[in-house]
Amino acid sequence: MRIDILTLFPEMFRGPFEASIIARAVERQIVKLELHNLRDWGEGRHHVVDDAPYGGGAGMVLKPEPIFRAVEAVQPLSPEPGRVVLLTPQGRLLTQAIVDELAELPRIVLICGHYEGVDERVREHLADDEISIGDYVLSGGEPAAIVLVDALVRRLPGALGSEESLVEESHAQGLLEYPQYTRPADFRGLGIPDVLLSGHHEEVRRWRRRQSLLRTARRRPDLLAQALRAEPQDEACISDEERRWLEEELETKLDSD
Ligand SMILES: C[S@@+](CC[C@H](N)C(=O)[O-])C[C@H]1O[C@@H](n2cnc3c(N)ncnc32)[C@H](O)[C@@H]1O
């Protein structure tokens, strides 16, 4: 996968892209990350990229010309044109399903806004997609781009080492992950569930699945409701037996409508 990032602050990516899984994926050529400074396409001698908002108001708005020119210059750098994604608090709220959808693409081009935001014509006539990483406002699209790149890269085949697993992680099957423990089995008198020491794989699997269901029910009833609506062929599907067990544990009837 190739990801082109248009930003006024390429230096903000240095730390996150130079460590851990992202750095390893770049090194193994699983992903190509290309940073482009929007200022290179700024207007005039001073490479101006922003201006005051029409109609008045606080802050500066990123001008359309540098962003359009940047995308037009960057797209031909690779034979496959990328999906142009504007990072904005007004976009589709990022979920694992959206990450999975974007991870299928050979290329994306991310536009990071800054200041008061981006001229609306970029959204209307240049962006193919708009992504928000949460219902809060960041100072710029850069942290959002880093979050998106991290979530995407760990999905790419070969990016994770054998010690890291995608399948059982939170959100992978629409549920939160079960609790994890490591050595020592007794830490300051705090133990771990006996089943994890039993060596009985089927029992461990069952315990984990049930913990995952219970945890999701207690912390994220919205996700559980979705999982309860899953089709039988869906991995996330909750069996009748599991539903009965959950209802007993929670002492409540579960509604899947
Ligand atoms: C201060 S924000 C501008 C917010 C804009 N005035 C609004 O109310 O929608 C500056 C830039 O940060 C980025 N940004 C802020 N919050 C974000 C979020 N939750 N998700 C993705 N990008 C975000 C966008 O690129 C945005 O253009």
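Which residue in β2 does R2 stand opposite?

1. R2 stands opposite K32 in β2. Helices (H or I, at least four residues) and strands (E, at least two) are DSSP runs here, numbered from the N terminus. Strand β1, residues 2-7, and β2 are joined in the parallel sense by six bridges; two strands pair if DSSP finds at least two bridges between them.

2. **What you are looking at.** Please keep in mind that this is a predicted model: local features need pLDDT of at least 70, side-chain atom pairs count only at pLDDT 80 or more, and totals for chains, interfaces and linings use all residues. Residues are numbered from 1 along each chain as its sequence is written.

3. **The sheet.** Five strands make an open sheet with parallel pairing, in the order β2-β1-β6-β5-β7. β2 (32-37) and β7 (129-132) are at the edges with a single partner strand each, so one side of each has no neighbour in the sheet. From one strand to the next the twist averages 30 degrees; axes are lines fitted to C-alpha atoms, for helices over the stretch in contact, and angles run from 0 to 180 degrees between N-to-C directions.

4. **A helix on the sheet.** α6 packs on this sheet and touches β1, β2, β5, β6 (107-112) and β7. The direction of α6 makes about 155 degrees with that of β6. Contact means that the C-beta atoms of two residues, placed from the backbone, lie within 7 Å.

5. **The ligand.** The shell around the ligand holds 20 residues, and the closest are P89, G113, L138, G141 and A144; a residue is near if its C-beta atom, placed from the backbone, lies within 6 Å of the molecule. Strand β5 (residues 83-93) gives the most to this shell, with four residues.

6. **R154.** You will find R154 in the loop between α6 (142-153) and α7 (201-219). Leaving aside neighbours within four places in sequence, R154 is in contact with I21, A159 and L160. Between the C-alpha atoms of R154 and T88 there are 22 Å.

7. **The whole chain.** The protein chain has nine helices and seven strands. Its C-alpha atoms fill a box of roughly 70 × 40 × 40 Å along the principal axes. Buried residues make up 25% of the 257 residues.

Conventions
A residue is buried if 20 or more other C-beta atoms lie within 10 Å of its own, exposed if 12 or fewer, and partly exposed in between; C-beta atoms are placed from the backbone.
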